[in-house]
Amino acid sequence: MAVILASSCLLGCECRYKGDGCKCDALIKLAESNTIIGVCPEQMGGLPTPRPPAELQRDGRVVDRAGKDVTEAYRLGAEEVLELARAHRCTLAVLKERSPSCGRGQIYDGSFTGRLTEGSGVTARLLEEHGVQVYGESEAGTLAERGEAREEGQSASRPLPSKYPGKND
């Protein structure tokens, strides 16, 4: 059994920027044989729900549609998610595709026109830099079919933070 981080919106939590969720049935199926920990990096970084849509810019900043720089909230949320990953020895994550926080491989291009570009969101990138394998929701079904989540190792790649005492055993 694996411990998998998952975007809370994919579990049905109404935490997306517009206040809705987008439940992923394949992720729910993974929960039958794995432990799922829901995370919303935007909320964990202090942003409200609902909130203006935001996109990652070419210079690395995250800016909302009104032009407000929300990079710090995205960075803080990503760090909080990483702490949870370490505390629970997560090696897998299933995150919301195209999100400026959770997206992996393709994200919106920063123009607020719906165009996609190659890249990953703030949280997805940080998790991958620390050894967590990140998948999008469209890959959750494949993980469930192959039973891959149960086969992954459970060792943390770095020491666990002191914020979670007792998890180092």
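## Basis of the description

Residues are numbered from 1 along each chain as its sequence is written, and side-chain values use heavy atoms, with hydrogens and water left out. Since the model is predicted, local features need pLDDT of at least 70 and side-chain atom pairs count only at pLDDT 80 or more, while totals for chains, interfaces and linings use all residues.

Strand β5 covers residues 92-95; helices (H or I, at least four residues) and strands (E, at least two) are DSSP runs, numbered from the N terminus.

Strand β1 (residues 3-7) runs parallel to β5 and is joined to it by 3 bridges, and two strands count as paired if DSSP finds at least two bridges between them. Strand β8 (residues 133-136) also pairs with β5 in the parallel sense, over 4 bridges. L92 is the bridge partner of I4 and stands opposite Q133 in β8.

## The nonpolar cores

A nonpolar core is a set of buried Ala, Val, Leu, Ile, Met, Phe, Trp, Tyr and Cys residues joined through side-chain atoms within 4.5 Å. The largest one has 27 residues, and those with the most contacts inside it are L5, V62, Y74, A93, L95 and L127. Its largest share, 7 residues, comes from α3. A second, separate core of 18 residues includes C15, C22, L92 and A144.

V62, in strand β4 (residues 62-64), counts as buried because its relative accessibility is 0%. Leaving out residues up to four places away in sequence, V62 touches several residues, among them A54, L56, Y74 and V122, where contact means heavy atoms within 4.5 Å. V62 and Y74 are 12 residues apart along the chain, and their C-alpha atoms are separated by 7.4 Å.

## The largest pocket

A pocket is found on a 1 Å grid over the protein atoms alone, as an open set of points where a 1.4 Å probe fits, with protein on both sides within 12 Å along at least five of seven lines; lining residues have an atom within 4 Å of a point. The largest pocket has a volume of about 480 Å³, and of the 27 residues that line it, the closest to its centre are R16, Y17, S99, P100 and Y108. The lining divides into 14 nonpolar, 5 polar and 8 charged residues, with Asp, Glu, Lys and Arg counted as charged, Ala, Val, Leu, Ile, Met, Phe, Trp, Tyr, Cys and Pro as nonpolar, and the others, Gly among them, as polar.

Conventions. Buried < 20%, exposed > 50% of the residue type's maximum accessible area, 1.4 Å probe, protein only. Points joined across faces, edges and corners; volume = space filled by probe spheres on them.
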